[in-house]
Amino acid sequence: MTLKPEMSNELRHMVRDVLREVMAQRNVTSGSAVESVRIANDHDLAGFIARVTEPETLEKLRAGKLRFTLGSVPAPAIAISAPALTGVVTEQKIDHLKDAGTLVLAPGAVLTPLARDKARKLGLTIERRR
């Protein structure tokens, strides 16, 4: 089964939140090993699950000899809340948004051909909301 990107990101965030809660609540002895975990994509998540389900790792976790912490992960693009552009999006509007990185078009928004060319020239990503 393939997850949609937004569902995959949501699942990843949920796993991170659960891991944070579990690790914060767990009283681990000072002699325990700490491993930093970075979960930025599906591949990282699959690797972490494989690591945690290894018998040796499970034993260490249960005994309190191993704990995981979350490493820093760049914020996913979906978390950046760019305002959606509405109506007719012209080349002039693109000039004002050249540092945005991503242009988010609301349902029904129309991007003029010159605006599309300008966005491509500036290296902007164009996304359309449903």
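User: Which residues does Leu-111 touch, not counting residues up to four places away in sequence?

Analyst: This is a predicted model, in which local features need pLDDT of at least 70, side-chain atom pairs count only at pLDDT 80 or more, and totals for chains, interfaces and linings use all residues. Residues are numbered from 1 along each chain as its sequence is written, and side-chain values use heavy atoms, with hydrogens and water left out.

With residues up to four places away in sequence set aside, Leu-111 touches Val-89, Ile-94, Leu-105, Arg-116 and Ile-126; contact here means heavy atoms within 4.5 Å. Leu-111 belongs to the largest nonpolar core, a group of 10 residues that also includes Val-89, Ile-94 and Leu-105. Such a core is a set of buried Ala, Val, Leu, Ile, Met, Phe, Trp, Tyr and Cys residues joined through side-chain atoms within 4.5 Å, where buried means under 20% relative accessible area, exposed over 50%, and partly exposed in between (1.4 Å probe, protein chains only). Strand 5 (102-105) and helix 5 (113-121) are the elements that give two or more residues to this core; helices (H or I, at least four residues) and strands (E, at least two) are DSSP runs, numbered from the N terminus. Apart from this core lies another, of nine residues, among them Leu-19, Ile-39, Leu-45 and Leu-61. In soluble globular proteins, nonpolar side chains tend to be buried together.

For the chain as a whole, buried residues make up 25% of the 130 residues. The chain holds five helices and seven strands, in the sequence order α-β-α-α-β-β-β-α-β-β-α-β. Of the contacts between residues at least 6 apart in sequence, 51% join residues at least 24 apart.
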